[in-house]
Amino acid sequence: MLLSSVALADSGVGVDTWRATKLDPTAGAAVEGCDERGTWWLVPGQRRTPTGNLYPCPPASAPLHERGDWTYSGVLQLGYLGTGGDDDAALWNRYAFWDTGPVLGLLSVDAERAQDGSYAKLRATRVSDDDQYYQLAFGRAGSYRLQASLRDISNVLSANAKSIWNGVGSNTLTLSDGLTPGGSTPEQVAAVSSAAAERTLKVKRSKQVLGYSAYLTPDWSAYADFSNEQRKGARPYGGTFFFNFPFPGNGGVFETVKPIDDSTMNLNAGLRYAGAAWRLDFGYSGSFYRDANRRYTFQTPYALTPVVPNAVSAPLTTGQMSTEPDNDYHNLKAALTRKLPLNGEFSLTASVGRMRQDDTLIAPVDCRGVFGIGLGGSLQLGPHNPFLYDCAQWNTPAALSRKSADMQIDTTLLDARIALQPTADLSVRGGLRFNRDDYRNGYLMRNPLTGQYGYVSENGSQGSVVPGESGIWAPGADARNLTRIRSLPLDLQTIDANLGADWKLGERDTLGATFAFNRYEPTNRERRQVDSSSLKLNWINRSLDWLTLRASLTFLKQTGDRYDYDPYEFTWSSSLPGFIAPPGGVPAHTVEAMRKYDLSSRDQRKANVMATLTPREDMTLTASLRGDWNDYDARIGRQGYSTFGATLQWEWQPTPRTQTSVYYGYDRSRLREANVNELNASGVDPRLGGLTYPLAGRWWVTDTQRNHSAGANLRHDFGRVRLDVDWNNLYARGVTAYSYASSLALAWSDTVPNDAAGSGAFAPMRYRVDTLALALVIPIVERVSLRAFGVYERGRVDDWHYAGFGTGRVIDHRVYTDGGPQDYSAHLVGILLDVQL
Amino acid sequence: MNVPTRLCFLLVAALAAPRMSAAIEWIDLRGAAPIRGDAATGAAKATVCVACHGPNGNAVVPAFPRLAGQRADYLYWRLANFKRGARPESVMTAQTANLSDADLHDLAAYFAAQTATKSPLPAMPSARGESLFRDGDPARGTPPCQGCHGADARGPADSRFATWPALRGQNADYLAARLKAYRDGKDAVSSNEFVMRGVARSLDDEAIAALAAWLASHSP
Amino acid sequence: MPLQGSVRVASRCRRGLQAGFLAVVVSCAVAWLAPAAGAAATDDAVAQALPVAPGFAKAKVAVNPNAPDAKPVGEATCFACHQLEAEHFTHTLHSLGLHAANKADASIPVCETCHGPGSQHAQAPLTKGSILAYTKNGGTPIEVQTKTCLTCHEGGPRDHWLGSIHQRNGVSCSDCHNPMAKFSVEGSLARPSINDTCAQCHKDVRLEFNRRSHMPLPEGQMSCVDCHNPHGSLTGPLLKTNTVNETCYQCHAEKRGPFLFEHAPVRENCLNCHTPHGSNQHALLVAPIPFLCLQCHTQLRHPNDLHTPQSLATGAHPDERIMGRGCITCHANIHGSNAPAGPKFHE
């Protein structure tokens with residue numbers, strides 16, 4: 001257990017296993033050049049891993065110094081970074097916030113005391129306020145380790161955001177000067193939007209980690225890791241005041257800016273025992289999420305207009321968006337393993353967990369006065385105005401059936417597995433696993449102030465545009481309204497079983513077969529039982545000195561019980577006594593032929609080949625092929641999803657002074673889906689080809705994604721100077737093609753000349769990035785060298801979602817904040833003075 | 001100046017600058033290409049050599065190494081190092097100064113092709129020497145010599161290690177002198193000799209004498 | 001051992017007592033957290049007699065089935081020929097720990113803990129298998145290699161190694177780890193980082209992280225091992241937690257909820273809509289919105305229409321159902337909503 005339990009973090013539990021930045025993702029290993037003397041004096045070159053990859057040349061480590069009992073070595077890299085070109089671009093800065101200014105490339109100090117194996121390690125890098133880490137560890141090899149770290153990282157979500165609101169980053173978005181809530185024209189909003197300064201929306205994560213692990217005895221060890229992470233910033237988000245597309249000059253569709261201000265505490269602690277016959281592993285994981293905001297609000301600049309004549313819409317001006325609730329999570333896990341005769345092991349794991357949140361609920365709507373539609377031009381509440389509602393009855397927590405969420409999921413996992421190796425050539429294994437999520441509680445949407453059921457749809461806007469679509473149901477006048485009245489509890493249960501064997505056919509080949517069965521039983525879903533069975537065959541070949549081949553084939557078949565296309569009836573008002581169905585009946589929930597892909601019957605075939613070849617002693621060739629083909633039994637829904645990929649990589653290490661590698665990767669995925677548009681928006685016939693969903697309404701989409709990746713790397717030590725060149729390229733192209741049975745399928749049938757079947761495609765989605773990185777290490781005097789480096793990157797992005805946003809982000813009553821992904825050409829140059837301490 | 005141009009400029013400037021890091025000052029014999037020489041041509045050039053190293057390289061003076069039957073690759077690299085002047089001043093440095101690289105190849109081929117004769121010097125079998133050669137001395141950190149020099153001390157059979165010498169029947173005084181030089185950190189300029197430096201560190205005078213005597217006591 | 005430890009803790013606590021409350025807390029904490037070294041730091045007499053670190057108590061000469069008659073020779077013999085390796089090894093945690101253990105208890109070997117007894121190898125180094133080798137053609141079977149490492153490293157994160165996908169595919173510890181030199185700053189890896197190590201075989205997966213939206217792995221901010229345990233776990237894809245979602249919640253705790261209103265596929269599996277490593281869509285989505293959503297949503301009225309480029313801002317009918325964020329412009333809280341007015345994730 002020595003390494004992982006005293007290494008940076010545990011490979012079995014928790015995150016934070018690596019701390020580095022894009023400046024040096026190896027966190028310092030790349031700083032050391034190769035030891036030009038090689039690995040050993042006896043033979044040239046490097047050995048190979050058992051799979052056949054070349055081990056790299058050993059690093060030329062920094063010189064060791066002695067001070068008392070301790071020896072230490074260290075590296076300090078200080079310098080300056082300059083960025084240029086489109087260096088504000090989101091894709092350039094995401095997770096690596098380059099900035100012009102002084103930079104701490106690396107401070108690394110390793111100290112150790114040979115006498116008892118104690119050590120202390122310090123590592124730090126600071127690129128900018130948004131990209132830095134500091135880490136200190138102290139311990140004794142084989143005894144204990146204590147460590148603490150700080151880390152900042154930013155996710156840049158948009159660098160070209162234009163907000164029509166003030167208060168970005170806060171929980172109150174108010175319209176900028178010049179805009180009147182509920183009273184602005186699209187032209188006015190467009191003017192404010194285009195005049196707004198472009199700004200960067202990012203979320204910064206700041207994390208503090210404390211970790212401890214120790215051997216208590218040779219058999220017992222313990223660990224405890226605590227982390228606290230704050231997220232601060234803002235990101236583009238949604239916001240709705242009803243459709244605009246069917247009602248020009250009406251509704252409101254907003255890309256708002258969500259404030260991010262939360263913290264998460266994680267705690268992992270455990271006790272482990274590894275004895276001669278038994279092993280035990282007890283662990284606790286806890287997570288505590290706290291959000292500073294419960295909601296944020298935004299003002300709408302637009303007025304709403306009723307779709308009925310002689311009526312007036314309530315003057316709504318404020319929308320709200322709930323944020324994620326605070327939540328607590330606890331998990332206890334115990335694993336027990338017993339060694340068995342026949343070189344076997346039996347292992348039993350039990351884990352119970354609880355996710356819980358009981359956040360105070362926000363009011364159903366944030367409005368003053370009334371919402372809904374006033375008939376005859378009157379916004380007076382009363383029997384003459386059946387579509388008008390009193391905000392006071394809905395804008396308070398008193399309007400809720402309970403004040404807090406009180407939601408909980410209890411999880412249970414039981415896993416038993418056995419592996420036996422009766423002979424050196426045969427091993428057999430089997431496993432059983434039971435996993436269950438019990439969803440506790442539900443929420444009935446009933447307003448105790450009014451006795452009404454349902455909710456206020458879209459900040460009150462829907463019912464303020466369309467009479468009867470407020471989202472509220474009550475016996476009497478509102479008894480025909482079809483609306484959601486209940487939450488959807490989702491219990492899940494999974495049982496897995498597998499049985500397999502591996503045979504060694506002599507020294508060279510190993511054949512294996514595994515049969516696996518999975519039964520998935522969700523509640524309140526279209527199927528109550530989904531079964532899948534799979535057979536996986538694998539083959540390993542090490543027949544030749546120059547080859548390791550691993551191949552596998554998997555065949556999987558998924559079926560299930562009867563597919564109920566509408567299991568959600570109980571969450572709708574139609575399930576309430578007193579509901580009055582429309583004369584023709586309740587509209588069809590969806591088409592009967594829909595098969596949601598997580599539950600649909602499916603045939604899957606997978607193939608995987610990995611080969612490691614050694615054409616020469618100093619070369620390695622790695623090739624992989626991977627295919628995954630899924631056919632779904634769905635007339636409507638996902639019909640197929642296949643991926644295929646291949647990679648080829650060549651590595652050459654002729655001498656410790658020269659290493660080079662070249663790779664190419666290709667990857668293709670194809671997703672096929674079918675859908676159907678309805679003939680009659682209130683149709684009741686769920687059959688595909690029936691009155692509501694005629695065959696003429698069908699349409700199909702095939703989304704094909706292709707990725708070509710290529711790159712080359714050269715590292716050469718000229719003696720006077722060490723050169724590192726890295727080139728990486730990705731060219732991704734995605735094409736979304738569609739076809740339709742007739743123009744009935746289309747959102748906008750007037751855009752095609754006739755009613756006939758047709759097809760077309762969206763402009764390709766492209767993402768192309770070329771990165772060239774160059775670094776030179778120039779020794780100046782002993783232990784001091786200069787590291788000069790440059791990165792040039794060019795990114796080209798086409799995403800049709802944002803087509804036309806360049807000419808304006810306000811399109812009628814739609815307001816977009818983010819301009820979409822940007823092309824960029826940016827570069828970085830840096831100089832670091834590299835001092836071996 | 002744009003960035004790539006600037007970087008290119010920097011690269012050129014750096015390459016043109018005087019070499020500042022320590023150059024490799026040792027000879028890497030790992031995977032050295034096999035040498036080819038002409039024994040017949042070498043014979044003509046060997047007349048000076050035999051003065052000290054004896055007829056056909058079968059030296060009778062105990063301090064001089066016996067060359068007959070030694071591995072050509074070993075002989076060549078030994079000569080090449082004398083010529084480079086890499087070793088401490090030796091009588092051989094002057095002897096090789098006027099020889100061409102081709103001469104060294106030929107000489108090496110010549111002596112390798114000669115038949116070694118049993119040394120006329122008195123054999124002094126040593127049980128301790130034999131034990132060190134066969135098993136080493138783990139207590140002192142001495143590895144067994146046979147691991148690299150072959151169970152019969154004729155050098156390793158594997159052609160990858162052609163630069164590792166045969167020891168069998170070599171003159172004892174010469175062997176002892178070499179081992180002492182290794183032990184004392186002298187006379188190590190090639191990767192092979194670095195290995196020997198580490199090995200000899202564990203040997204004291206008595207062990208060296210025992211090993212040298214035992215090796216010398218065998219017929220080549 | 002535990003008894004000795006508690007005596008030491010008690011004595012250090014007492015020393016702190018004389019120096020005030022804070023000192024008590026600090027010295028007790030240090031004594032408890034650092035059972036052995038804490039004592040060594042203050043008491044040279046104890047340091048001289050420092051016991052073997054418990055993590056090295058199981059270190060012994062490894063068993064080499066291919067050289068049953070071999071005898072241990074000790075590290076000095078090994079280092080005689082392997083000086084360069086010894087020098088590189090000095091910079092590793094294994095070297096630090098094994099040497100300290102060897103000082104405390106001479107019966108704990110250094111090299112031979114992992115490589116087995118060296119006598120036969122020293123006599124005939126070219127005989128394959130005469131020494132435990134962790135290489136492709138060294139003559140030591142993979143199972144013997146892994147078994148040797150597990151002598152000390154059994155259990156904990158490697159509890160489920162036996163039967164794991166890597167074990168069954170003949171992957172050896174030394175495919176990923178090389179403790180002979182400091183190739184990586186942490187983890188005794190065979191390559192400079194965890195990500196580089198995994199990419200030796202999983203280059204295709206590594207390339208997925210170069211896509212337009214991705215987890216911050218190429219930036220060095222996270223590693224494969226944040227989500228996966230390569231040593232075996234309770235799940236097929238070697239996840240560190242019980243389920244996909246639990247793995248995601250480790251960093252995305254806000255998505256854990258449970259929410260007042262749930263979106264079934266979200267609660268079921270994040271991978272219903274997201275790819276785990278990277279995608280060319282926004283936010284690691286599997287397919288472009290709205291077609292991602294329309295795989296399941298055929299409901300009457302607005303969801304089930306086929307959009308064409310005519311619905312884009314450049315088309316005849318700009319339509320919010322497909323422009324920009326598409327569906328999630330209005331159904332913004334798509335991961336679940338805690339708003340009482342959020343059953344359709346509008347708020």
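This is a predicted model: local features need pLDDT of at least 70, side-chain atom pairs count only at pLDDT 80 or more; totals for chains, interfaces and linings use all residues.

Visitor: OK, chain B. At what angle do α9(B) and α10(B) pack?
Guide: About 90°, with the axes of α9 (residues 172–183) and α10 (residues 191–200) of chain B 7 Å apart. They therefore count as roughly perpendicular, a label that covers 65 to 115 degrees. Helices here are DSSP runs of H or I, at least four residues, and strands are E runs of at least two.

Visitor: Which residues make that contact?
Guide: Leu179(B), Tyr182(B) and Arg183(B) come from α9(B), and Glu193(B), Met196(B), Arg197(B) and Ala200(B) from α10(B). Contact means C-beta atoms, placed from the backbone, within 7 Å.

Visitor: Switching to chain A: what's the strand order in the open sheet of three strands?
Guide: β15-β19-β20, with antiparallel pairing. The edge strands are β15 (311–313) and β20 (388–390), each pairing on one side only. Pairing takes at least two DSSP bridges, and β19 (residues 370–375) and β20(A) have three. Gly372(A) has Leu388(A) of β20(A) as its bridge partner.

Visitor: And how many residues go into the contact between chains A and C?
Guide: Chain A gives 195 residues and chain C gives 155.

Visitor: On to chain C, then. Where are the cis peptide bonds you have in mind?
Guide: One runs from Gly257(C) to Pro258(C), with omega near 0°. Another joins Ile289(C) and Pro290(C), with omega about 10°. Pro258(C) sits in the loop between α15 (244–249) and α16 (264–268), and Pro290(C) in the loop between β2 (278–279) and α17 (327–330).

Visitor: What about phi at Ser188(C)?
Guide: Positive, about 45°, although Ser188(C) is not a glycine. Ala283(C) has a positive phi too, near 55°.

Visitor: Is Ser188(C) buried or exposed?
Guide: Ser188(C) counts as buried because 21 C-beta neighbours lie inside 10 Å. Ala283(C) has 13, so Ala283(C) counts as partly exposed. The cut-offs use other C-beta atoms within 10 Å: 20 or more is buried, 12 or fewer exposed, and in between partly exposed.

Key. Residues are numbered from 1 along each chain as its sequence is written. Chains are lettered from A and ligands numbered from 1 in the order in which they are written. Axes are lines fitted to C-alpha atoms, for helices over the stretch in contact, and angles run from 0 to 180 degrees between N-to-C directions. Angles under 35 degrees count as roughly parallel, over 145 as roughly antiparallel, 65 to 115 as roughly perpendicular and the rest as oblique. Two residues are in contact if their C-beta atoms, placed from the backbone, lie within 7 Å.
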